[in-house]
Amino acid sequence: MSDNAPTLFERMGGSETLTRIVHEMYRRVLADESLGHFFENVSMKKLQQMQFEFLASALDGPIRYTGAELTHIHRGRGIRGAHFAAFCGHFADAAQDAGVDPGTIDLALGRLAMYKDKITGDTNVDG
Ligand code: HEM
């Protein structure tokens, strides 16, 4: 990255906007009948805090992720490629709602795609 180029975290709008995006994303995820059941009995407050830290860090923000390793926390839940894609779609929609420009959203989605194998693990098949 060239000097002084804004990070993806900055391009997304920094902590304030990313916090809003995370909340809006999970609002959509919980309302999605293909995804909501994965989050039954999950502490959404803690999850949203951890997701904020993870995304901020993955988008090169000045924040350290203090949560669980992604492979470990998602293992054995039956999360498939289609679930991962739907989840990322809600992230993109929430970011668009928050006014993030499409080019930045595409770059952020590219970062998220790098974690697909960790999230889907041995259920990493399409469908
Ligand atoms: C790019 C995609 C994703 C990222 C970056 C991500 C990241 C995270 C993070 C950071 C946590 C919190 C870990 C902790 O509490 O220490 C978490 C928890 C969780 N994730 Fe994901 N996740 C993704 C996709 C998904 C998908 C597609 C599903 C299900 C369809 C899912 C289901 C869950 C569940 C159920 C938990 C809560 C586990 C618990 O607290 O018991 N995640 N995820």
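A nonpolar core here means a set of buried Ala, Val, Leu, Ile, Met, Phe, Trp, Tyr and Cys residues joined through C-beta atoms within 7 Å. A residue counts as buried if 20 or more other C-beta atoms lie within 10 Å of its own. Keep in mind that this is a predicted model.

**Exercise 1.** Find which residues of the largest nonpolar core touch the most other members.

*Solution.* Start with the set itself: the largest nonpolar core has 21 residues, and M12, M25, L59 and A95 touch the most other members. Next, see where the core comes from: α1 (8-12), α2 (14-31), α3 (44-58), α5 (81-97) and α6 (102-113) each give it at least two residues. The largest share belongs to α2, with six residues. As background, nonpolar side chains in soluble globular proteins tend to be buried together.

**Exercise 2.** Work out which residues M25 is in contact with, leaving aside neighbours within four places in sequence.

*Solution.* Contact means C-beta atoms within 7 Å. With those sequence neighbours set aside, M25 has H90, F91 and A94 as its contacts.

**Exercise 3.** Describe the overall fold and say how compact the protein is.

*Solution.* First, count elements: the protein has seven helices and zero strands. From the N terminus, that reads α-α-α-α-α-α-α. The radius of gyration is 14 Å, close to the 14 Å the globule rule gives for 127 residues, so the protein is as compact as a globular protein of that length. Its C-alpha atoms fill a box of roughly 40 × 25 × 25 Å along the principal axes.

**Exercise 4.** State what percentage of the 127 residues count as buried, and what percentage of the contacts with a separation of 6 or more link residues 24 or more positions apart.

*Solution.* For burial, the figure is 20% of the 127 residues. For contacts with a separation of 6 or more, residues 24 or more positions apart account for 77%.

Technical notes. Residues numbered from 1 in each chain as written. Predicted model: local features only at pLDDT ≥ 70, side-chain atom pairs only at ≥ 80, totals over all residues. Buried ≥ 20, exposed ≤ 12 C-beta atoms within 10 Å, placed from the backbone. Helix = DSSP H or I, 4+ residues; strand = E, 2+ residues; numbered from the N terminus. Contact = placed C-beta atoms within 7 Å. Rg over C-alpha atoms; globule rule 2.2 N^0.38 Å.
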